[in-house]
Amino acid sequence: MSEMNNERFEDLRDAYVLGALPEEERRSFEDHLAAHPERQAEIDDLSAVAGLLAFSPHEQEPSPELRNRVMEMVEAEAEPRHVSRRSVFARIGDYLDVRSLALGAATLLVIGLLSWNVLLQGQVQDLQGQVQEAQDQRQNLQAQIEEAQDQRQVQQSQTIELEGSWADQGANAEVASIHENKIILVAKNMPSVPEDRTCQIWVINDDVPKPSGLFQPDGNMTAAPVTNSITKADVIAVTVEPAGGSEKPTSDPVLSAEL
Amino acid sequence: MADRGRQYLILADEDLISLVEAADADAFATLYDRHSRAAFSLAYRMMGERQASEDLAQDAFLKVWRGASSYRAERGSVRTWILSIVHNRGIDQLRSHASRRRTQDRIEASAPRSQPSEAFAETWRNSQRDQVREALNTLPSEQLKILELAYFSGYTHVEISELLGLPLGTVKGRMRLGLKKIRDYFGSRDATVPR
């Protein structure tokens with residue numbers, strides 16, 4: 001292929017972000033990009049435009065079996081990865097044992113061993129630093145979780161429980177404000193719906209229902225974003241609709257709450 | 001686990017990715033529940049049948065699990081990152097399959113519809129989807145067809161040129177104009193392209 005220059009780069013960039021370059025041209029394009037990092041932002045911007053196509057397909061619901069398969073594999077790998085992280089401590093223990101031996105031997109042996117010991121201490125400190133960093137990260141994340149939980153508790157007054165026929169059957173659903181403009185519906189013990197049906201959230205203002213999100217109830221816990229603001233709404237409701245949702249409700253609400 | 005899962009529901013995707021990086025399976029499950037529908041929908045659009053789409057989505061989510069450390073917030077949202085993994089692996093699979101569908105049916109299936117309402121009849125989950133739908137609706141059909149053949153069917157620009165009997169320069173030009181039109185759609189509304 002011809003040598004990549006600016007003109008050719010611009011000629012190929014649209015095909016590149018769409019994933020439509022043949023392998024050889026793609027490699028050549030990426031080599032040029034690596035040599036001209038100042039053009040990366042332009043490609044990132046164009047990639048964001050092309051990436052919008054990913055949002056356009058008709059919505060399809062993956063099967064629960066897919067989730068089960070993925071989670072089985074993830075959980076099987078999660079444990080060894082935890083073990084691997086614990087092994088950092090074990091390695092430190094090993095190093096500390098060696099260090100003790102080295103220190104003991106230093107009383108008997110030559111200065112060379114002392115030098116080795118100094119080197120070893122450096123390694124131990126490095127490892128201790130890594131462990132400390134990992135612990136700090138974990139503590140930070142835990143703090144974030146606790147902070148988020150606290151924020152949610154502060155916002156309990158903005159949590160609204162939904163009532164209706166499903167609630168009578170034992171379902172427990174509520175809408176919660178988690179940030180200024182983010183509302184989620186959290187539900188558990190929901191009845192299942194057939195594959196060709198889905199649950200649809202409606203935000204109703206002046207008797208006009210707006211479609212505000214779809215979700216497939218899960219026997220355990222389901223969370224779905226409410227995609228319209230409830231600030232000025234009168235009612236939030238959930239109906240069972242044909243898969244893919246409806247423009248207007250086609251059945252009576254199974255859950256609802258006045259706002 | 002239930003309480004922890006409930007706590008994770010209020011964490012941002014970026015926080016969950018950090019936890020996934022530390023091998024937290026519950027955080028991963030929360031991410032999966034948030035984005036599996038979009039990921040599977042894209043996989044289904046690319047592969048065209050359920051089993052292959054589930055295999056692709058599974059493959060992509062395992063890459064998310066194993067490669068969470070490669071996520072870079074400055075390059076886009078977690079959702080966009082996950083969808084780009086689905087897309088890239090989907091293209092790899094389409095190109096590697098000997099049975100890749102190159103039939104006229106496939107081309108016709110991916111061609112723009114004369115009835116846009118049919119193409120976009122489904123209810124969109126959020127305003128971002130609405131905006132994307134509107135942006136794509138502004139494209140002339142010949143531009144949309146080429147973007148779809150490239151993005152969803154994994155054809156190279158040279159292959160598209162052969163399939164449609166168009167000069168390569170025309171294919172590149174339509175790609176350029178199609179992407180520009182989508183960008184202009186957001187620009188004209190003083191909106192940034194979602195990332």
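How many of the 6 residues of strand S2 (residues 172-177) of chain A are buried? I looked this up before anything else. The count is 5, so I put S2(A) down as mostly covered, with buried taken as under 20% relative accessible area. I note at the outset that I am working from a predicted model.

**Entry: the two chains**

I listed the elements of each chain. Chain A has 6 helices and 8 strands. Read from the N terminus, the order in chain A is α-α-α-α-α-β-α-β-β-β-β-β-β-β. Chain B has 11 helices and 0 strands, and its elements run α-α-α-α-α-α-α-α-α-α-α.

I then looked up burial. In chain A, 38% of the 259 residues are buried. In chain B, 54% of the 195 residues count as buried.

I also checked how far apart in sequence the contacting residues lie. I took contacts between residues at least 6 apart in sequence. In chain A, 52% of these join residues at least 24 apart. In chain B, the share that joins residues at least 24 apart is 64%.

**Entry: the sheet of chain A**

I went back to S2(A) to find its neighbours. Strand S1 (residues 160-161) of chain A runs antiparallel to S2(A), and 2 bridges join them. Within this pairing, I found A:Ile160 opposite A:Val175 of S2(A).

S2(A) is also joined to strand S3 (residues 183-188) of chain A, by 6 bridges and again in the antiparallel sense. I wrote down two positions from this pairing. A:Glu174 has A:Val186 in S3(A) as its bridge partner. A:Ala176 faces A:Ile184 in S3(A).

Is S3(A) mostly covered or mostly exposed? I found it mostly covered, with 5 of its 6 residues buried.

From S3(A) I moved on to S6(A). These two strands pair over 6 bridges, antiparallel. Here A:Leu185 stands opposite A:Ala224 in S6(A).

Put together, the order is S1-S2-S3-S6 (chain A), an open sheet of 4 strands with antiparallel pairing. Which strands stand at the edges? I find S1 and S6 of chain A there; each has a single partner strand, so one side of each lacks a neighbour in the sheet.

**Entry: A:Glu258**

I picked A:Glu258, which lies in strand S8 (residues 255-258) of chain A.

I then looked for its contacts, leaving out residues up to four places away in sequence. A:Glu258 touches A:Ile160, A:Asp234 and A:Val235. One of these, A:Ile160, is the residue I had noted opposite A:Val175 in S2(A). I also took one distance: the C-alpha atoms of A:Glu258 and A:Ala237 are separated by 8.7 Å, the two residues being 21 apart along the chain.

**Entry: helix H11 of chain B**

I checked the length of helix H11 (residues 168-188) of chain B. It has 21 residues and reaches 30 Å from its first C-alpha to its last, which is close to the 30 Å expected at 1.5 Å a residue.

I next asked which residues of H11(B) are buried. I have B:Val171, B:Lys172, B:Gly173, B:Met175, B:Gly178, B:Leu179, B:Ile182, B:Tyr185 and B:Phe186. I note that B:Lys172 is on the list, along with B:Tyr185.

**Entry: the interface**

I turned to where the chains meet. 68 residues of chain A are in contact with 70 residues of chain B. The two chains bury about 6600 Å² between them, with 59% of it on carbon and sulfur atoms.

How many salt bridges cross the interface of chain A and chain B? I count 9 by the rule. One that I looked up joins the side chains of B:Asp33 and A:Arg67, at 2.7 Å from N to O.

I then listed the elements that give two or more residues to the side of chain A that touches chain B. They are helices H1 (6-17), H3 (40-51), H4 (64-106) and H5 (111-154), and strands S4 (197-205), S5 (208-215) and S6 (221-226), of chain A. H4(A) gives the most to this side, with 13 residues. S6(A) is on the list, and I had already placed S6(A) at an edge of the sheet.

Technical notes. Residues are numbered from 1 along each chain as its sequence is written. Chains are lettered from A and ligands numbered from 1 in the order in which they are written. This is a predicted model: local features need pLDDT of at least 70, side-chain atom pairs count only at pLDDT 80 or more; totals for chains, interfaces and linings use all residues. Side-chain values use heavy atoms; hydrogens and water are left out. The expected span of a helix is 1.5 Å times one less than its number of residues. Buried means under 20% relative accessible area, exposed over 50%, partly exposed in between (1.4 Å probe, protein chains only). Two strands pair if DSSP finds at least two bridges between them. Contact means heavy atoms within 4.5 Å. Buried area is the accessible area (1.4 Å probe) that two parts lose on being put together, summed over both. A salt bridge is a side-chain nitrogen of Lys or Arg within 4 Å of a carboxyl oxygen of Asp or Glu.
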